[in-house]
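The paragraphs below are meant to be read with the model open alongside them.

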Amino acid sequence: MNNVTLNDEQVEYNLEKDTLSIPLPKELEPGEGARVHFDYEFTLPEGGLRFTKSNDNYHLAQFYPMVATYRSNQWNKKDYRFRGETYHTGFSDFKVSYEIPEGYTIVSTGEDDEYPSKTDGTFDVNDVKEVFIAILKEPMVIQKQEGDVNIRVFGFEDKEDFYSEISDVAAGALHYFQEIIGPYPFKQLDIVLDGLGMEYPGIVTANSIYESGPVNPEVLKYIVVHELAHQWFYGIISNDPYNDAWLDEGFANFVTGLYNLTSNDQEIPYESMEEQLGSLESIPVNLPLDQYDRHMSSYIYSKSSIMLFKIFENRGGIEEAENYLKVYYDNYKYKEVDTQEFVRFTKKYFSLTDDFFFKEWLLLE
Ligand SMILES: [Zn+2]
């Protein structure tokens, strides 16, 4: 960190691990702002988590000072972890200028990226929780148009047919999600087949999962649809990914399941879901990340999505689920949901009078 200024005056700052704090000379009143300028340099680690050099590519995730959310009179930021998200940001507007070396192309949250990109440029993007940029070395690119959205798949092996299949899967899912949830907010959707499966606004990465190398083609397709689903559940309907991770992960798996069922003309497999539930403990799905052991994803991803499916058992099935999602989206787009609010909404939606159904899988206040 070379220099930090506050309202154009140089100030002292404190950088401890991943927390940068700048003491203010006087308290900010509600609605008041401060202008902070950071001048800094960094080197990307190899084998980093999302913020990483990967093969010949550079993944710029969380590479700029992000303002944490502030609640209950404190900054809502947890200690860094090597799994899950420990930061939670609000919706913001960004203006980005870049210069990159020859031979690379930039792929980003911005919706006007060209391929191959120029070596310098700018983009603006509004109402996003963060900005992600990938700087890629000689990718193979497949483009496909779905309605107003240009889908671009970036691969790094000689697998043109497979990348084309990925673009078909993405187009199908994008079409379905827009129909049952709400419009995708950008004209470009980028899928980078490198790195850990992860969602960012307007761009996703997918190639591997935690503690595993590259996944097989069928799993990769599932991950692409899951990360795409996050464009709504994280990208548009926000939630705290540390204290309520189940809300975006559970909903992403739930709608991925709905997409796979409807596109194969299948019913919801409640029997096998019961079996899966039977193998899990009675741990709630909405605990903060540090309260789970290594089986975290069984609860945050799996049990939560099964319980979302169970809401619609004897309550209208797939058709009602699709209608529910639309109403949920209309109520919470560009807002934040937490567990309490989800329960309040769902009880109202079905005119439920008690918390009986939810107490089985959610820890309620
Ligand atoms: Zn996810």
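Which residues of the largest nonpolar core touch the most other members? In this predicted model, that core holds 86 residues, and those that touch the most other members are Phe177, Phe251, Phe254, Leu325, Tyr328, Phe342 and Trp361. Helix α1, spanning residues 160-180, gives the most to this core, contributing 11 residues. Phenylalanine 251 shows how such a member is surrounded: once its neighbours within four places in sequence are left aside, Phe251 is in contact with Phe233, Trp246, Leu308, Tyr324, Leu325, Tyr328 and Phe342.

Aromatic rings deserve a separate look, and the count of aromatic pairs comes to 44. In the pair formed by tyrosine 64 and phenylalanine 94, the ring centres are 5.6 Å apart and the planes stand at 70°, so the arrangement is edge-to-face. Because tyrosine 64 lies in the loop between β7 (57-60) and β8 (69-71), whereas phenylalanine 94 belongs to strand β10 (residues 92-99), the pair ties together parts that are 30 residues apart in sequence. Tyrosine 64 counts as buried at 17% relative accessibility, and phenylalanine 94 counts as buried at 18%. The rings of phenylalanine 132 and tyrosine 200 have their planes at 5° and their centres 3.9 Å apart, so this pair is stacked. It links distant parts of the chain, with phenylalanine 132 in the loop between β12 (120-128) and β13 (133-137) and tyrosine 200 in strand β17 (residues 198-200), 68 residues apart. Phenylalanine 132 is buried at 0% relative accessibility, and tyrosine 200 is buried with a relative accessible area of 1%.

Charged groups also meet rings: the charged end of arginine 83 sits over the ring of tyrosine 210, 4.5 Å from its centre, while arginine 315 lies over the face of phenylalanine 357, at 5.5 Å from the ring centre.

Strand β17, which carries tyrosine 200, leads on to an open sheet of 5 strands with mixed pairing, in the order β14-β15-β16-β18-β17. Because β14 (140-146) and β17 stand at the edges, each with a single partner strand, one side of each is left without a neighbour in the sheet. From one strand to the next, the twist averages 15°. β17 and strand β18 (residues 203-205) run antiparallel and are joined by 3 bridges, and methionine 198 stands opposite threonine 205 in β18. Helix α1 lies across β14, β15 (149-155) and β16 (188-192), running at about 30° to β14.

Key:
Residues numbered from 1 in each chain as written. Predicted model: local features only at pLDDT ≥ 70, side-chain atom pairs only at ≥ 80, totals over all residues. Heavy atoms only, no water. Core = buried A, V, L, I, M, F, W, Y, C linked by side-chain atoms within 4.5 Å. Buried < 20%, exposed > 50% of the residue type's maximum accessible area, 1.4 Å probe, protein only. Helix = DSSP H or I, 4+ residues; strand = E, 2+ residues; numbered from the N terminus. Contact = heavy atoms within 4.5 Å. Phe/Tyr/Trp six-rings, centres within 6.5 Å; stacked < 30°, edge-to-face > 60°. Lys NZ or Arg CZ within 6 Å of the ring centre and 35° of its normal. Pairing = 2+ DSSP bridges. Axes fitted to C-alpha atoms, helices over the stretch in contact; angles between N-to-C directions.
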